[in-house]
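Student: I'd like to learn how to read a model like this one. Can we go through it feature by feature?

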Amino acid sequence: MVTPGELLAQGEYYSDLNTFKDGNNVYSTMVGIFDYRGNRLSVVPLKHCYIPFVGDLVIGRIVDISMSGWSVDINSPYPALLPATETMARQRTPDREHERVFDVGDLVKAKVLAFDRTRDPLLTARDRGLGKVTHGRIIRISPSKIPRLIGKGGSMINMLKKESSCSLTVGQNGVVLVTCKSPEYEQVVVDVIKMIENEAHTHGLTDRVFEMIKSRLGGGYSAEREAS
Amino acid sequence: MRLDGRRPDELRPIKLEVGVLENAYGSAYIEQGKNRILVGIYGPREAHPKHMFLPDRATIRCRYRMAPFSTEERKNPAPSRREIEISKVIREALEPSVISEYYPRTVIDIFIEALQCDGGTRCAGIVAASLALADAGIPMRELVSACSAGKVDGQVVSDLFDLEDKYGQADMPVAFMPNLGVITLIQMDGGLSKQEFEKALDMALDGCRQIRNLQVEALKRRYQATTDTEVARDISEENK
């Protein structure tokens with residue numbers, strides 16, 4: 001573990017994420033875990049705020065309505081803009097019309113369309129599965145813990161989905177939407193996600209999560225399904 | 001020997017704690033002798049009022065306040081000239097450490113609340129504020145350490161407490177980034193000869209180096225459970 005200003009290396013090294021170079025010395029700029037690949041040095045921060053990245057899936061809350069669209073709080077220092085033109089489905093389906101119109105306080109699943117720190121991020125809700133959140137439970141966790149919740153190649157999140165038979169949407173901005181068949185299942189998933197957040201940087205977490213779901217759901221929905 | 005039984009170059013006992021406030025992005029608490037100071041960081045966040053933001057970097061705002069019950073005599077809760085000045089010098093002491101270019105058009109708010117004061121609160125405030133910034137996950141070039149030195153009874157001493165500050169001949173707070181060798185704050189009250197000044201500066205810088213070690217320890221204590229390099233590698237892979 002390193003702290004800001006800690007000397008990481010001296011010599012012919014490249015400074016990658018969260019590090020900086022002063023002459024031949026590379027220093028850390030964050031509290032985090034030191035990592036290196038070849039001669040590229042980086043620090044994985046233990047805590048940071050969410051900075052939008054093009055292509056990120058985020059879950060935000062509508063905070064304002066304007067002529068051309070909505071402004072959305074996406075849990076980052078920059079308020080996002082969701083233009084009205086970006087909410088249209090490819091094919092207009094009248095029965096889902098209400099899902100295109102948002103009110104203040106509504107939650108919305110969206111993708112980051114453009115962002116470069118000089119202008120506020122632009123969102124789009126045009127893709128499949130995006131748009132208004134109509135049911136489910138929302139949990140906020142630290143954005144720095146999101147990669148852990150997803151796991152290597154999606155291992156953690158897929159296991160969680162399979163064992164609980166819930167649908168989970170993980171916003172890169174630290175907002176997670178859980179939709180289950182019953183509130184009991186939802187509660188278990190919420191508890192599991194909180195556990196992942198608290199124990200994010202420990203070994204064997206996937207196994208412990210698996211055990212927890214098993215014990216809380218008594219074999220899990222998947223076992224139930226296999227039996228029937 | 002000094003009034004409180006310390007050697008001339010001895011610091012008061014320091015206790016540091018990181019992450020004490022739930023709501024704040026980052027926070028820290030310091031006890032240095034009888035000083036008690038709490039710091040909360042909010043930000044980077046959207047700038048309000050809008051005209052405050054800078055197009056190329058984050059604006060840093062700092063507010064240093066003394067609680068009405070922090071001193072022997074009740075302190076008027078209205079912001080005093082002294083508090084406004086200290087807010088400014090603390091902000092200027094911390095600004096060079098923060099890589100504010102990462103978050104243009106945002107604000108980082110630093111709130112420093114002195115709950116009990118016994119001399120040298122601007123230094124203690126800087127020490128705690130720097131820790132709180134690191135706790136908030138704001139990128140920094142280095143932690144800023146601060147320590148004062150001065151002259152009491154004709155003798156050069158470090159880390160003056162209230163009585164020494166009031167009845168001594170000089171007080172000189174210094175903020176310093178040891179690795180980079182940058183002094184970000186230096187003020188002086190009273191008078192020192194050139195030799196005395198050089199001695200006092202050495203003492204203050206030495207105090208800063210000691211305090212920096214304590215700061216690093218405090219941060220490591222806070223994030224103790226998280227030293228797993230294997231896990232870090234997994235995570236950085238997932239980030240790609």
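Student: Is B:Leu163 buried, partly exposed or exposed?

Tutor: Before that, some ground rules: this is a predicted model, where local features need pLDDT of at least 70, side-chain atom pairs count only at pLDDT 80 or more, and totals for chains, interfaces and linings use all residues. Residues are numbered from 1 along each chain as its sequence is written, chains are lettered from A and ligands numbered from 1 in the order in which they are written, and side-chain values use heavy atoms, with hydrogens and water left out. Now the general idea: buried means under 20% relative accessible area, exposed means over 50%, and partly exposed is in between (1.4 Å probe, protein chains only). B:Leu163 counts as partly exposed because its relative accessibility is 40%.

Student: Which surface patch does B:Leu163 belong to?

Tutor: Patches are made of residues with over 30% relative accessible area and no salt bridge; like charges are joined within 9 Å, and nonpolar side chains (Val, Leu, Ile, Met, Phe, Trp, Tyr) within 5 Å. Here B:Leu163 teams up with B:Leu3 and B:Tyr167 in a nonpolar patch, with about 390 Å² of accessible area together. Those areas come from the Shrake-Rupley method with a 1.4 Å probe, and for residues only the protein chains shown count as cover. B:Leu163 itself sits in helix α3 (residues 162-167) of chain B. Helices (H or I, at least four residues) and strands (E, at least two) are DSSP runs, numbered from the N terminus.

Student: Which residues partner B:Arg6 in salt bridges?

Tutor: Side chains of opposite charge can pair when their charged atoms come close. The cut-off is a side-chain nitrogen of Lys or Arg within 4 Å of a carboxyl oxygen of Asp or Glu. B:Arg6 pairs with B:Asp159, the closest N and O atoms being 3.7 Å apart. That pair links distant parts of the chain, 153 residues apart: B:Asp159 is in the loop between β7 and α3 of chain B, and B:Arg6 is in the segment before β1 (14-18) of chain B. B:Arg6 also meets B:Glu164 in a salt bridge, again at 3.7 Å, N to O.

Student: Are B:Arg6 and B:Glu164 buried or exposed?

Tutor: B:Arg6 counts as buried because its relative accessibility is 5%, and B:Glu164 counts as buried because its value is 2%. B:Asp159 is buried too.

Student: What about B:Glu142, which residue does it pair with?

Tutor: B:Glu142 forms a salt bridge with B:Arg212, the closest N and O atoms being 2.8 Å apart. They are 70 residues apart, with B:Glu142 in the loop between α2 and β6 of chain B and B:Arg212 in helix α4 of chain B. Both B:Glu142 and B:Arg212 are buried. Elsewhere, salt bridges that share partners join B:Arg2, B:Asp4, B:Arg6, B:Arg12, B:Asp159 and B:Glu164 into one network.

Student: How many residues of α2(B) are buried?

Tutor: Of its 15 residues, 15 are buried. You can check the helix length as well: the expected span is 1.5 Å times one less than the number of residues. For helix α2 (residues 121-135) of chain B that gives 21 Å, and the end C-alpha atoms are 21 Å apart, which agrees. Just after α2(B), B:Gly137 takes a positive phi of about 75°.

Student: Where are the cis peptide bonds?

Tutor: Look from B:Gly43 to B:Pro44, with omega near 0°, and from B:His48 to B:Pro49, with omega near -5°. B:Pro44 is found in strand β3 (residues 35-46) of chain B.
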